[in-house]
Amino acid sequence: MIKITSLVCAMCLVLPTASFAEQSVNGQDFINLFEKLSGKQPGIRKGHAKGVCAVGTFTPNQAAKQYSISPLFNAPSKANIRFSMGGGNPHADETSRSPRGMGVQFLLENGDVHNIAGLTTPVFAGNSPEAFFGLLSTLVPDEKTGQIDFAKVKAYREQNPSTLGQFNWLQSHNPPASYVSSRYFGVHTFYMVDEKGAKHAFRWTMVPEEPEQVLTEEQMKTFPKSFLA
Ligand code: HEM
């Protein structure tokens, strides 16, 4: 049996339902909302719908072993990787100011599968599922006009400042020129557990070997909508 270990993108798998009782949201609420925003798209992921897969090898740095007993750090492992555009649109415009994602499955020597998910932004779109849900709800086009009410989006952001961090970051950083020329951030704080059982808080970032490269303003206007794969 495949066992999934820690470090999973927890928010993708388990959506807390109790933090704000009056407006709590669950996974099905998000699926319904993604379908309103991007259509039903049968057979395609509701989030990060557009993407491309790759395979690779992960070679752990032995220094990590002093903080963690995870088998991830025992030996090199094969990795399945998926790079993606955030959002539910399978035809997303790759010149747009939006987060890109990276999902990695590490296939460990003991048979475990260890999953992580990261974004090209160091912060998420809100500090709770409810804030993210509220923000996405303002982006649903009006049924009659088919238009997004951007005044409503702006007002929501101002009333919910945790939704501003990612937005401001995207405005001040042009999109990656390639899936492999960008940093990917784990965003959340996770814990490593050492052999004495002590917990060590950490955040992870994937850093490309090649220099980071972003699209120029000109390229953002002239590049095709699909070039990353
Ligand atoms: C409330 C917050 C979130 C919601 C509702 C959400 C929702 C989703 C959904 C519905 C999917 C598609 C899953 C599938 O069909 O396989 C997805 C994929 C993904 N999410 Fe999230 N997500 C959230 C937070 C995050 C965070 C914090 C990160 C990273 C730091 C993240 C990174 C990703 C990535 C990289 C994928 C694509 C995985 C792949 O390629 O298979 N998400 N998310």
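Visitor: What makes Glu217 and Arg97 a salt bridge?

Guide: In this predicted model, the closest N and O atoms of Glu217 and Arg97 are 3.4 Å apart. A salt bridge needs a side-chain nitrogen of Lys or Arg within 4 Å of a carboxyl oxygen of Asp or Glu, so the pair qualifies. The pair also links distant parts of the chain, with Glu217 in helix 6 and Arg97 in the loop between strand 2 and strand 3, 120 residues apart.

Visitor: Why is Glu217 called partly exposed?

Guide: Its relative accessible area is 46%. Buried would mean under 20% and exposed over 50%, so Glu217 falls in between. Arg97, at 27%, is partly exposed as well.

Visitor: Which residue forms a salt bridge with Lys225?

Guide: That is Asp93, with the closest N and O atoms 3.5 Å apart. Lys225 lies in the segment after helix 6 and Asp93 in the loop between strand 2 and strand 3, so this pair ties together parts that are 132 residues apart in sequence.

Visitor: And Lys40, is that residue buried or exposed?

Guide: Lys40 has a relative accessible area of 58%, and the cut-off for exposed is over 50%, so Lys40 is exposed. The side chain of Lys40 meets that of Glu35 in a salt bridge of 3.0 Å, N to O. Glu35, Lys40 and Lys46 are linked in a network of salt bridges.

Visitor: Let's turn to the strands. Why is strand 2 described as largely enclosed?

Guide: Of the 9 residues of strand 2 (residues 77-85), 7 are buried, so the rest of the structure largely encloses this strand.

Visitor: How do you know that strand 1 and strand 2 pair?

Guide: Pairing takes at least two bridges, and 9 bridges join strand 1 (residues 50-58) to strand 2, so they pair. The two run antiparallel, and Ala54 stands opposite Ile81 in strand 2. Strand 2 is also joined to strand 3 (residues 100-107) by 8 bridges, again running antiparallel. There, Met102 in strand 3 is the bridge partner of Phe83.

Visitor: What lines the second largest pocket?

Guide: This pocket holds about 480 Å³ of space. Its lining has 19 residues, and Phe83, Met102, Met206, Val207 and Pro208 lie nearest its centre. Strand 1 gives the most to the lining, with 4 residues. By class, the lining has 14 nonpolar, 3 polar and 2 charged residues.

Visitor: What lines the largest cavity?

Guide: Among its lining residues are Phe34, Lys40 and Lys46. The volume of this cavity is about 30 Å³.

Conventions. Residues are numbered from 1 along each chain as its sequence is written. This is a predicted model: local features need pLDDT of at least 70, side-chain atom pairs count only at pLDDT 80 or more; totals for chains, interfaces and linings use all residues. Side-chain values use heavy atoms; hydrogens and water are left out. Buried means under 20% relative accessible area, exposed over 50%, partly exposed in between (1.4 Å probe, protein chains only). On a 1 Å grid over the protein atoms alone, a cavity is a set of points where a 1.4 Å probe fits but cannot get out, and a pocket is an open set with protein on both sides within 12 Å along at least five of seven lines; lining residues have an atom within 4 Å of a point. Grid points are joined across faces, edges and corners, and a volume is the space filled by probe spheres set on the points. Ala, Val, Leu, Ile, Met, Phe, Trp, Tyr, Cys and Pro count as nonpolar, Asp, Glu, Lys and Arg as charged, and the others, Gly among them, as polar.
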